[in-house]
Amino acid sequence: MPKSLTPPLAKLNQEIEGHAREFGLDFFETIFEVVSYDELNMVAAYGGFPTRYPHWRWGMEYEQLSKGYEYGLSKIYELVINNDPCYAYLLESNSDVDQKLVMAHVYGHCDFFKNNFSFRHTNRRMIDDMANHATRVRRWIDKIGVEKVEDFIDRALSLENLIDQHAPHIRRNPDPQRAEDELKSNERVEGFKVNREYMRGFINPSEFLDSQRKKVEEEKAKTKKFPERPQRDVLAFLLEHAPLEPWESDILSIIRDEAYYFAPQGQTKIMNEGWASYWHSTIMTRRALKDDEVIDYADRHSGTMGTRPGALNPYKLGIELWRDIEERWNKGRFGKEWDECDDLRARRSWDKKLNQGREKIFEVRKHYNDITFIDTFLTAEFAIDQKLFVYGFNDKRNSWEILDREFRKVKNKLLQQLTNFGQPIIEVVDGNHDNRGELLMAHKHDGQDLKGDYARETLRNVQSLWRRPACIITRYDNKGVLLRFDGQNHTEKKIDL
Amino acid sequence: MSLRIHQDHSRFKQIVRGKIKSNLRKYVQKGEMIGKKGKDTISIPIPFIDIPHFKYGHKEQGGVGQGDGEVGQQLSPGAVQPGDGHQAGQGEGDHSLEVDVTLDELAQILGEELRLPNIERRQNEKIVTQKIKYTGVNTTGPESLRHFKRTYKQALRRQIAMGTYDPARPVIIPTREDRRYRSYKLQELPETNAVIIYMMDVSGSMGDEQKEIVRIESFWLDTWLRHQYKGLEARYIIHDAVAREVDRDTFFHTRESGGTMISSAYKLCRDIIKSDYPKSAWNIYPFHFSDGDNWSADDTRQCIEMLREDILPGVNQFAYGQVESPYGSGQFIKDLREAVGDSTNVALSEIADKDAIYASIKDFLGKGR
């Protein structure tokens with residue numbers, strides 16, 4: 001089982017923590033534990049947590065990680081949990097230089113967790129909550145049976161990405177629009193127009209007005225939609241309205257809680273990994289590295305920063321962007337004057353010696369997420385420097401190829417990839433579709449089609465929770481389609497959008 | 001020490017096993033498994049093991065990459081990373097995960113699914129192998145077996161006793177007398193051995209499809225028998241008008257023209273058994289595949305005679321599989337059925353096409369002999 005730091009490691013940690021503080025990093029207390037490969041693979045399979053509820057997919061994850069390590073394909077370097085205190089793991093067989101690098105990297109993450117706005121609403125006691133979730137699931141298993149519970153978890157997990165990724169920051173209730181509507185609806189039913197006030201009682205007797213009012217109410221009830229506005233938190237909708245057994249809703253709420261916990265990490269991947277890499281590199285090269293460790297360090301560092309043409313390495317993109325921002329704010333390459341300068345030579349030698357870089361990046365790490373980070377700071381120069389390109393699949397040649405290097409397109413594609421954490425946006429639009437209690441969802445199509453077989457399988461899982469037919473409107477090849485699963489059969493109907 | 005994850009891991013393996021079981025018929029018919037065979041394991045694509053989500057089709061998606069290259073340049077295969085980091089299959093309709101399964105496990109699944117009885121060993125525990133077992137520690141031995149911990153312990157003990165140990169500078173230097181070595185004993189383990197003698201007609205009438213069937217079928221027979229016996233040997237005989245012994249690769253890839261004399265193969269089989277596999281020590285399994293055409297009734301008579309007198313008395317089971325071909329008359333199985341069909345240690349099977357392999361395996365292995 002995990003061990004606390006040995007005296008030499010504790011000393012290293014003290015040193016690295018000191019450097020991190022000196023540079024102005026601000027983090028929760030950080031607890032390192034020393035683990036073996038097997039334990040590290042286990043913890044990684046559990047998403048970083050020492051305890052999760054029992055489920056086979058952790059086992060699958062574990063098998064893949066162990067195999068990747070056995071075959072020498074992959075090795076997990078760092079694992080850190082966003083919690084207060086932060087927990088992080090050190091591999092017992094690593095060399096000192098590796099341990100220092102990991103520690104420095106971890107302090108970068110912990111600073112980010114503590115300060116970036118995306119994490120403001122995350123549960124900092126998640127370690128305890130995960131353990132509680134595990135206990136609850138185990139108790140349900142004892143009561144209901146492992147097969148049933150596991151089967152339900154499988155189905156619930158299939159829907160885990162159907163949450164409102166930005167929900168923690170948006171207060172949707174009380175809903176002013178709804179109140180407004182409600183207020184308007186209270187406007188009187190006036191009956192026939194009355195010119196002489198004393199005639200009112202005769203022309204519009206109160207029984208008549210009452211019946212008119214009732215009619216309006218009924219009319220409204222009929223057209224009243226449920227939900228009133230599309231709801232992006234499909235899991236919440238199911239929790240509120242699906243006919244779930246108590247144990248089912250408990251498990252579904254566990255899955256939802258955990259999904260919300262992980263959401264901000266998905267939204268700040270580039271920033272967060274870049275930030276941690278920036279700091280491990282800064283701390284190591286400026287302070288911690290001994291002469292005889294340079295080669296090993298360079299080898300590890302370049303291993304993390306390596307890129308492949310068809311994949312974006314968040315560590316690499318992130319660290320380069322942070323450095324670019326720092327340089328630009330050091331040299332004053334921002335603002336109106338800079339933007340309007342089109343003299344290439346002047347731009348190249350531009351240096352106003354402002355030295356605001358450090359300050360700027362600390363500010364940026366507070367207030368941005370990946371989308372706003374890329375949107376604000378990815379410049380044309382940077383895209384060219386970093387050789388970014390858009391790639392796509394060429395059906396004719398049956399291969400992936402470079403489609404474009406134009407800055408606008410690169411940036412748009414990148415932003416599109418990051419929108420909603422790279423997941424399709426799906427909303428519940430009607431809980432009483434066709435007036436038959438069917439669940440209707442809509443996919444907000446943004447140019448990319450859903451993966452068909454996955455969509456049908458997922459729809460099957462929605463149906464099994466809703467216990468009535470489930471439908472989703474999407475688009476394939478630019479044509480509107482309604483997919484429906486009624487519990488037995490899948491159907492597909494063309495519709496006009 | 002057992003990790004908590006081991007429960008989830010074994011649950012995962014159990015699920016994989018269930019998937020293999022329910023898809024076994026499909027796997028049996030397809031030859032693809034043979035190509036994916038490693039030394040002791042086989043990679044099996046398991047459909048629908050991951051958890052489906054609403055997500056984008058990867059080909060739809062494309063993305064942003066980083067590196068050199070002109071617009072229009074192809075990215076090398078494998079350079080593109082599937083969107084979600086899992087090993088999702090390529091293309092629509094195919095979300096499968098490749099899982100390594102040991103051959104032993106696969107045999108167990110085959111046995112359960114086909115309800116195969118375990119083989120009753122004819123020859124029990126006659127052959128013996130030796131195994132090294134480490135039993136203790138000695139003061140002499142080869143350097144490769146030096147027991148480091150015990151050696152240093154011994155040295156520490158000596159230094160403390162002599163008063164030369166300094167806790168402030170804990171240097172321990174073992175001397176010759178401190179050295180300790182692992183000692184071992186040879187254990188004799190009984191083991192049962194078996195041999196499969198594959199025979200195949202490679203005359204002109206046996207086409208590629210027929211051979212493919214034999215190849216697939218022999219893979220499953222191998223797998224099952226290997227599961228039943230610790231040491232399994234396999235010998236390969238091909239024949240047209242004459243028979244010769246070949247290696248496995250040649251066995252599956254030879255095509256000859258000319259006539260068919262089945263007796264030539266049986267004769268060679270008989271000789272191999274006689275010289276290499278005394279029936280007192282070996283479990284013997286001759287498997288013969290042909291399309292059922294023999295040169296003459298006279299040759300068939302010879303075959304039957306040889307079977308009755310030389311082969312059947314010494315083997316666990318003789319199996320004949322007749323693979324349907326457009327050219328063969330399919331007479332041979334009828335003759336065998338008539339002559340030796342009643343013998344308990346004869347298994348006959350007609351294999352019409354790949355779909356029939358599943359049932360045929362049961363014909364061959366269902367008797368538990």
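How many salt bridges are there between chain B and chain A? In this predicted model, the count between the two chains is 4.

**The interface of chains A and B**

On the chain B side, 55 residues are in contact with 82 residues of chain A. The area buried between chain B and chain A is about 6300 Å², and carbon and sulfur atoms give 56% of that area. Within chain B, the residues that lose the most area to chain A are B:Phe54, B:Tyr56 and B:Gln66; together they account for 17% of what the chain B side buries. A salt bridge also joins the side chains of A:Lys67 and B:Asp100, at 3.8 Å from N to O.

**Salt bridges**

Over all chains, the count comes to 50 salt bridges. Two pairs are set out below.

| Nitrogen-bearing residue | Carboxyl-bearing residue | N to O distance |
|---|---|---|
| A:Lys67 | B:Asp100 | 3.8 Å |
| A:Arg365 | A:Asp111 | 2.7 Å |

The salt bridge of A:Arg365 with A:Asp111 has its closest N and O atoms 2.7 Å apart. A:Arg365 belongs to helix H17 (residues 357-367) of chain A and A:Asp111 to helix H4 (residues 96-115) of chain A, so this pair ties together parts that are 254 residues apart in sequence.

**Packing of two helices in chain A**

Helix H12 (residues 269-288) of chain A packs against helix H14 (residues 314-331) of chain A at an angle of about 70 degrees, and their axes are 7 Å apart. Angles of 65 to 115 degrees count as roughly perpendicular, and H12(A) and H14(A) are therefore roughly perpendicular to each other. Residues that make the contact include A:Trp275, A:Tyr278 and A:Ser281 of H12(A), together with A:Ile319, A:Trp322 and A:Arg323 of H14(A). By class, the contact of H12(A) with H14(A) has 9 nonpolar, 4 polar and 4 charged residues.

**Backbone features in loops of chain A**

The peptide bond from A:Asp84 to A:Pro85 is cis, its omega being near 5 degrees. A:Pro85 sits in the loop between strand E2 (80-81) and strand E3 (86-91) of chain A. Another loop, between helix H16 (344-348) and H17 of chain A, holds A:Asn355. Although A:Asn355 is not a glycine, its phi is positive, at about 55 degrees.

**An annotated span**

For chain A, an unreviewed UniProt entry lists residues 424-468 as "domain: SpoVR-like C-terminal". In the model, the end C-alpha atoms of residues 424-468 of chain A lie 23 Å apart, and this span is 33% helix and 36% strand.

Conventions. Residues numbered from 1 in each chain as written. Chains lettered and ligands numbered in written order. Predicted model: local features only at pLDDT ≥ 70, side-chain atom pairs only at ≥ 80, totals over all residues. Heavy atoms only, no water. Axes fitted to C-alpha atoms, helices over the stretch in contact; angles between N-to-C directions. Helix = DSSP H or I, 4+ residues; strand = E, 2+ residues; numbered from the N terminus. Parallel < 35°, antiparallel > 145°, perpendicular 65-115°, else oblique. Contact = heavy atoms within 4.5 Å. Nonpolar A, V, L, I, M, F, W, Y, C, P; charged D, E, K, R; others polar. UniProt positions renumbered as here; feature names shortened; annotations may be inferred. Buried area = accessible area lost by both parts, 1.4 Å probe.
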